[in-house]
Number of protein chains: 2
Amino acid sequence: MGVTGHTPPNDTPPARSASIWDVARVAGVSQQTVSRVINGKTRVSESTRAKVMQVIAELGYRPNRLARTLAGGPVSSVTVLTSDTALFGAAATLRGMEEAARAAGFSVGISVLGPGTSNTDVALRLNRPQEPVMVIAYDDPGERALRELPPDVPVTAAVERPDDGSGGDPWQVWLDDRAAAAHATRHLLSLGHQTVHYVAIPSSTSALPQRTRGWQDALRAAGRPVPEPLRGGWTPRSGYLAVRSLLADRSVTAILCGNDDLALGVMRAAREAGRDIPGDLSVVGFDDTPASAYLHPSLTTVRLDFEGLGRACFGLLLRRLQPEAALSLPAWNEPELIVRESSGPPPA
Amino acid sequence: MGVTGHTPPNDTPPARSASIWDVARVAGVSQQTVSRVINGKTRVSESTRAKVMQVIAELGYRPNRLARTLAGGPVSSVTVLTSDTALFGAAATLRGMEEAARAAGFSVGISVLGPGTSNTDVALRLNRPQEPVMVIAYDDPGERALRELPPDVPVTAAVERPDDGSGGDPWQVWLDDRAAAAHATRHLLSLGHQTVHYVAIPSSTSALPQRTRGWQDALRAAGRPVPEPLRGGWTPRSGYLAVRSLLADRSVTAILCGNDDLALGVMRAAREAGRDIPGDLSVVGFDDTPASAYLHPSLTTVRLDFEGLGRACFGLLLRRLQPEAALSLPAWNEPELIVRESSGPPPA
DNA sequence: ATGAAAGCGCTAACAG
DNA sequence: CTGTTAGCGCTTTCAT
C-alpha cells in the first residue's frame, strides 16, 4: 500500500491532513478522478462522483490551494497593498476589494506599506512572483509601490486621480474628486460666502491634487479670490492645528476640508475661537463617515463610494487576468454632496 | 541545456519569471546551493554566495513562497478571520496583527466573516489545510468561526472575554473589559450620580458580556439600583435610537455606552431632548477613537489597546507554532479611563 | 469516462 | 562546503 510511496513501516500519524491521494485510495479511484470531482469541470459518472464525495466527507479532506496554484491551476489569490488602514478611505476600499474578491473565490492577502518601503521590498511581499496585486494608492506610499512593482505583475489600483495627460491608466479606478470639490465649493458660494478656504489632506504628488483643483476651479469660475490652501494631515488634530491662526480672521466664513476628520478638528478649533457653526462659520468635509451625521453640528460632507470603488478595482483585475471573458465592471456611485447642519449663510 | 527539462525547441518566452533553477544554471552551481544562499541558514563560501547573489539580481529572481511552503519550508503565512472591519476594535486589532506578522516575515491573508457562515465554509477559506489562523472574535460570527475551525488548525484569537470557568484558553488574548467598565461606572458614581444606565453593544454569547458585568459589579458594590441594560448595535444611529425614550426621564443623569459610536448617537439624542452634556447628563464611551477627543463635548471614554492586543495575538501564534522557542509575549496596555468633557456632576 | 505520467518551485533529507 | 535525490499536493498534458 502507501500510494504516496514513502509511508514508514511503523508510522505514527504525521498529523498530515488527507490529500487527494488518500481520497483516491480509499475511494478506489485514481487521484486524477478525485481532482475531476473536486473541480467539477470535466464530466464524471454519477456513481463515482458520489463515492468520492462521500470519502471526502469521511476523511475531512480540504484542498490545498497552494498546491493547486503551484501546479498551474487558475489564479485565485490577490494581494492588496495599502498604507495606513486607519484611514477611512483606505479601509472602506479594502472592504470593497475583499468582498468582491471573496465572492469570486479569491483569497486575499494584505500588506501594509510604510513611508520607507524600498523598491525591491514590495515585490518580495507577494506569495509568488506573478501574483496579482491591487494597490490602494491614495497617498505617497501607495503611489510609490505602484511605480515600483515589476512590470510582469498584474496590477490594478484605486488612485486619487488619473494619470496626467493620457486620460488615465485603463487599470486604475478613481472617484471624481475634482468635480466633487467644485460642487462642495459652489454649495458654499451659493449660500453667500465671499470665498472658501481649504484645508488639504496630504498629497501623493507634486502636482496639484484633484480636490484642491476642484476647489480652485469653482472659486475662479465665480471670480472669487483663491486663498492659499492650508496643509493638513489626516487627523482631527491636524485640522485643529491647521486653522487655529486662521480663525482669528472673522472674514473667514467658510472652510472646506479634505476629509471629515480634518473637519472635526476644524469645528473644535472654531468653537474654541468663539465661532458658532454654522452661524459664524460653515464647515464642509469629505468622506461622509458614519459619525458625520451625528456630530454636533452634523457635518455637511461629500459622500464617497470607496467600497464600490474597491469592488470595481477587483473587477478590473479580473478583466485583466481574463481578457477574453469580456467582463463587465461593477458600477460605483459618483461623489454626492450631503448637506447637513454645518453649512449655512455667512453672518450678516 | 534545458535544466527544467521541457523547454520547447522553438520557445517564445513564456512570461514565466526566473526560478531557482534558472539562477543555478546561470551561476553554474546546483539548485540547492542557490536555495542555501537565499535562506542563509547553511554556510556557503563567500565566492559562490557573491556569484549567486549577482545572478539573482541580474535575472530579477523573486522567490515563490507557495513552493517554499509546499515543500515543507517554515510556516510563514497566517489568515485572519474577522467580521466587519468597519468596527474600530476589529480594524485596530487587525492592524496590530498585520504589523506583527509582517515584522516576523509572515504574509497575512484576511477573510471577512458574514453572519451566515456555515461551518465547513470557514476551513475552506484557508490557503492550505493546516494554515495558522488568527480570529478576531469580539462578536458572534467570530466566536462561531473559532468554534467551527477543525482541531488540527493552529489558531489563536482575540476575544471579548475569557472562556467561562477554566480561567481562559491559553491561545486567546483579551482586554479586561469587566474591570474597565466597573472603573468607568465608579467614575460616574463618584461624581455624584445616583446610578448609571448602560447601552450595550451586541453580545457574542448568551451569557452576560464582560462590560455589562463590570457595570453591574460597580453598581452593586455601591448599593445602587441596577437598571435594565439597553440593547444597542454598533453604530451612532443605534445608540441614538436606543436612548430616545429613556431621555424623557430626567432622573437619568449618567449613561455608559458600549462604544464611542453609541455614545455619539446618545449625545445627539440628548441634545435633541434638550439635555445639556455634561450639565444634565453625563456620557461615557468605550474605545477612545481618534475622533473622541474632538467631539463636542469631547468624550470621556475607556482607551483600549486593540493594536497591542493584535500584536500579542500574533505573538501567541508564533509561540504555538514554535513551542520550543519559548517566545516572550509582547505586552499590551490595560484599559485606561480618559476623562474628558462629557462627564461631570449631576444637576443640582 | 478514467488512468498514467510529468512537472510547478522549492526544501529536506542524504550523500560526498 | 556542495551536489543528488525524493518528494510537498495538485493540475496539466497525454493516453486509454
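This is a predicted model: local features need pLDDT of at least 70, side-chain atom pairs count only at pLDDT 80 or more; totals for chains, interfaces and linings use all residues.
Two strands count as paired here if DSSP finds at least two bridges between them. In chain B, six strands make an open sheet in the order β7-β6-β8-β9-β10-β11, and the pairing is mixed. The edges are held by β7 (230-231) and β11 (336-338) of chain B; each has a single partner strand, so one side of each is left without a neighbour in the sheet. At the β7 end, strand β6 (residues 197-200) of chain B is joined to β7(B) by two bridges, and the two run parallel. Within that pair, A200(B) sits opposite R231(B) of β7(B). Helix α8 (residues 177-190) of chain B packs on this sheet, where it touches β8 (254-257), β9 (282-287), β10 (300-303) and β11 of chain B. The direction of α8 makes about 160° with that of β9(B).

Turning to chain A, there is an open sheet of six strands here too, with mixed pairing and the order β7-β6-β8-β9-β10-β11. Its edge strands are β7 (230-231) and β11 (336-338) of chain A, each of which pairs on one side only. Further in, β8 (residues 254-257) and β9 (residues 282-287) of chain A run parallel and are joined by three bridges. L256(A) is found opposite V284(A) in β9(A). Helix α8 (residues 177-190) lies across β8, β9, β10 (300-303) and β11 of chain A, at about 160° to β9(A). Helix α11 (residues 260-272) of chain A, for its part, lies across β6 (197-200), β8, β9 and β10, and runs at about 155° to β9(A).

Next comes the part of chain A that carries an annotation. An unreviewed UniProt entry puts the feature "domain: HTH lacI-type" at residues 18-72 of chain A. In the model, that span is 67% helix and 0% strand, and its end C-alpha atoms lie 21 Å apart. One of the helices of chain A is α3 (residues 46-59), and E58(A) lies in it. The side chain of E58(A) makes a polar contact of 2.9 Å with the side chain of Q54(A).

Of the atoms of DNA strand C that come within 4 Å of the protein, sugar and phosphate account for 61%. Some individual contacts can be picked out. Sorted by class, the surface near DNA strand C has nine nonpolar, 15 polar and five charged residues.

DNA strand D is surrounded by 27 residues, and the closest are I20(A), Q32(A), Y61(A), T33(B) and R36(B). Sugar or phosphate makes up 61% of the atoms of DNA strand D within 4 Å of the protein, while the rest belong to bases. An N or O atom in the side chain of S35(A) is 2.7 Å from a phosphate oxygen of DNA strand D. G72(A) approaches a phosphate oxygen of DNA strand D through a backbone N or O atom, at 3.3 Å. For A67(A), a backbone N or O atom lies 3.4 Å from a base nitrogen of DNA strand D. Two or more residues each are given to this surface by α2 and α4 (65-70) of chain A and by α2 of chain B. The most comes from α2(A), with four residues. By class, the surface near DNA strand D divides into nine nonpolar, 14 polar and four charged residues.

Notes
Residues are numbered from 1 along each chain as its sequence is written. Chains are lettered from A and ligands numbered from 1 in the order in which they are written. Side-chain values use heavy atoms; hydrogens and water are left out. Contact means heavy atoms within 4.5 Å. Axes are lines fitted to C-alpha atoms, for helices over the stretch in contact, and angles run from 0 to 180 degrees between N-to-C directions. UniProt positions are given in the numbering used here, feature names are shortened, and annotations may be inferred rather than shown by experiment. A residue is near a molecule or strand if one of its heavy atoms lies within 4 Å of it. Ala, Val, Leu, Ile, Met, Phe, Trp, Tyr, Cys and Pro count as nonpolar, Asp, Glu, Lys and Arg as charged, and the others, Gly among them, as polar. A polar contact is a pair of N or O atoms within 3.5 Å; within protein, one must be able to donate a hydrogen and the other to accept it, and residues adjacent in sequence count only if both atoms are side-chain atoms.
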